[in-house]
Each structure stands twice: as structure tokens, then as C-alpha cells.
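Have a look at the picture first, and then we'll go through it together.

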Amino acid sequence: MSRQGAVTASLDDRRVSRVHVRIPATSANLGPGFDALGLALSLFNEVTVQESRGVRVSIVGYGADDLPTGDENVVVRGIRLAYEAAGRPFNGAEISCVNRIPSSRGLGSSAAAWVGGLCAGNALLGAPLDRQTLLDLATAAEGHPDNVSAALLGGLTVACVDGGSVRALSLPVPRRWRWVVLVPDTTSPTTEARALLPASVPRADAVFNVQRVALLLAALQRDAPDALGVALDDRLHQPYRARLFPWMPRVVAAARHAGALGCVLSGAGPSLLAIVVDESDRVSAAMTAALHEAGFPGSARAFDVDVAGAQSRVD
Ligand code: HSE
């Protein structure tokens, strides 16, 4: 047998017929870390995939009525991408999705779909692609590295695009910090929220964000939550996006008044993320009440950090 033949045969030996992948929700940016920071949260989508002829997708939970169930489904596109990268033909799959991450709310639902599809496809093939390759593929597909890095690696991730590749590291987060997410009952496509951003910014604003993102990482390392009042401020994206989310000033003020150390847009919005040490119930209630007072429905809930990232299991 040729060397290529031997490699192909051993990959085929490792192929499995059915896989299950669990992928966390993610909150990107954390204020000043636009397109760099991501945080994996204890809220998960699940996908179960087995190879078949043709594509069939069933969806329970968010998106059950409106997400595509054919080739254009993002989980399917992720699986196909993994097969293409591994040089294997993709003939179809039967896919069950349990979606607990609300779509288009700034909680990384599309990153979860790309990462879920890529991990599932890779696991079906016997894992020929390493995590770096999966990260690079997911970033190219998603268009920015922050959500996919946190979804794949877990924890609080710092991601840096370097040419065609992404360097990402997951950092520990003080365990006593909790994360309250307010999810309004409205969607906001990331593409629209990105289109509002200017192509260039004044140097003073770039320096403002560099200082704060550095302080935020230092505060995490030293468990110094008092620094967050300054460290979560941002001039690169939130000021431009604020007009999409008229409830934001009221909710941020209510969160801080109730004891939050800071409150920022989660990813490109519309959800808001508050960081809390002791007061998560009080902050959740205050954020929800402020949203309702502004005339919008929605609710808040506290999450822990998911430190595991996407987990694949052979069924
Ligand atoms: N960094 C991205 C943005 C995250 O803010 O557009 C989108 O979830």
C-alpha cells in the first residue's frame, strides 16, 4: 500500500457513525475588547450528527421555525467545511439540533453553529483536524475570531488574527465573578450592527480602548473587580451601536445601581452583559425591570463561565 493509502486507511478506521457535540454560548467584546475578547457561558446548544445520504436537519428550541434545514443550515455548512478541509467527500448527514442559545441576540449562536458543525464533522472523520485548524476555519467562516475562540476553547479568550491564522488563549476567570445576561425579546443581525462602525477612529479612541482592555485583563488576573468601573468602558463600538438599543442607558444605570461592577453590550447586541460579584439576583431583577420600564420585553439570568469549550462525544 502507498503511504497515502496507509494514511487514508487509518483515517477510515477512526471514522465513527454518530457524534454529539455540546457548544457554549459566548459573549464577545466585554466592552473594550472589540473583536478580541470572548467569554464562554454555561448555556449550551447540542448537535447530534450521523452520516447519511442527503441532508436532514431537525431543530428543537430557538430557530425551530425559521432556521434553514437544508444545505444552507450553518451546522451543515460547518460539517461540510470540516470534510473539505480533511479532503473527504461529504454525502450528507442527519442532524438534530437542540438550540438553547437565542439567535441574533449577541450570544454567539452563529459561532456555536459553525463550531458545532466543524467539531461534529471532524469527530465523524476520526478527528483528522487539530484544534488550531478548527479555530482558523471557524474564524474565516464567522468573520471575526472572538465568539468562535470562546466557543471552541471555553473560558475567557483573547484572540488575535495573524495573517490567515488565529492565536487564541483561554484565561482563568475569578470564580466569584458572575455574569448576568439581559436578553431583550428582539433580534439584531450582527452584520447590521457592524455596518454602523466607522472605518477608522481617532488615535485618542484607540488609545482609550488599548488602556482599558489591558486594565481589564490585569483586573481578571489579580481578581480586582474594582477596576472594572473604568476597564469596561469602550469607544470603538458601543457608542456607534447605542442608537439600535434605546434601552441601554437605562439598563446599564440600573445594573450599576443594583451592584454590578459594569454592564456592556454582549457582542454586537441586543443583549447586555453585567459583571457581578455578590448581587446577581438583585442585578438580574433590576436589569429586567429597567428594560420593561423602557417599554421592551425580555429577561435576565445569571451564568457561570464555561471553562470546557466545545465538547465532542462519540455516541
Ligand atoms: N466582535 C463582534 C462584533 C462580535 O462586535 O461585531 C459579534 O458577536
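What follows starts with the ligand and ends with a few backbone details.

A quick word on ground rules: this is a predicted model, where local features need pLDDT of at least 70 and side-chain atom pairs count only at pLDDT 80 or more, while totals for chains, interfaces and linings use all residues. Residues are numbered from 1 along each chain as its sequence is written, and side-chain values use heavy atoms, leaving out hydrogens and water.

So where does the ligand sit? The space it takes is the largest pocket (on a 1 Å grid over the protein atoms alone, an open set of points with protein on both sides within 12 Å along at least five of seven lines; a molecule sits there if more than half of its atoms lie within 2 Å of the grid points). Domain 1 (3-171 + 306-314) and domain 2 (178-303) both give residues to the shell around the ligand, so the ligand lies between them; the domain bounds come from an automatic or database assignment.

Among the residues around the ligand are A28, F34, H144, T190 and R241, where being near means having a heavy atom within 4 Å. Two elements give two or more residues to this shell, α5 (146-153) and α6 (190-195); helices (H or I, at least four residues) and strands (E, at least two) are DSSP runs, numbered from the N terminus.

Now zoom in on the polar contacts (pairs of N or O atoms within 3.5 Å). A polar side-chain atom of D35 comes to 2.5 Å from a ligand nitrogen. On the oxygen side, R194 has a polar side-chain atom 2.6 Å from a ligand oxygen, and for N147 the distance from a side-chain N or O atom to a ligand oxygen is 3.0 Å.

Finally, a cis peptide bond joins G269 and P270, with omega about 10 degrees.

Key:
Polar contact = N/O pair within 3.5 Å; in protein donor to acceptor, adjacent residues only side chain to side chain. 1 Å grid on protein atoms, 1.4 Å probe; cavity = no way out; pocket = protein on both sides within 12 Å on 5 of 7 lines; lining within 4 Å.
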